[in-house]
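Hi everyone, thanks for coming. Let me put the structure up, and then we can walk through it together.

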Amino acid sequence: MREIYAGMPWWVKWIAVPVIAIFVFGGLIASVVGFVISLLFKALVFVVVVGGLIFVVRKFTSSSSSRGDW
């Protein structure tokens with residue numbers, strides 16, 4: 001197999017084979033990339049929501065503790 005592939009012209013190795021691979025596996029590649037982007041977006045939303053919750057809890061606990069001092 002290596003001898004056959006090595007005997008091919010450069011354009012077959014560097015243009016035709018990747019184009020065929022993208023054509024055959026394009027749907028799989030797109031679904032994997034979409035899944036990864038969706039996962040990263042969900043992780044970002046999770047971090048923002050948890051950060052906002054921590055901010056709100058600290059804000060209310062600091063204001064309630066200052067009220068207790070009065």
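I'll start with the overall form and then turn to one residue.

This is a predicted model, where local features need pLDDT of at least 70, side-chain atom pairs count only at pLDDT 80 or more, and totals for chains, interfaces and linings use all residues. Residues are numbered from 1 along each chain as its sequence is written, and side-chain values use heavy atoms, leaving out hydrogens and water.

The protein has two helices and zero strands; these are DSSP runs, numbered from the N terminus, with helices (H or I) of at least four residues and strands (E) of at least two. The C-alpha atoms fill a box of roughly 85 × 20 × 15 Å along the principal axes.

Now, Leu 28, please. It lies in helix H2, residues 10-69. Buried or exposed? Leu 28 is exposed, at 53% relative accessible area; exposed means over 50%, buried under 20%, and partly exposed in between, using a 1.4 Å probe and protein chains only. Across the protein, buried residues make up 1% of the 70.
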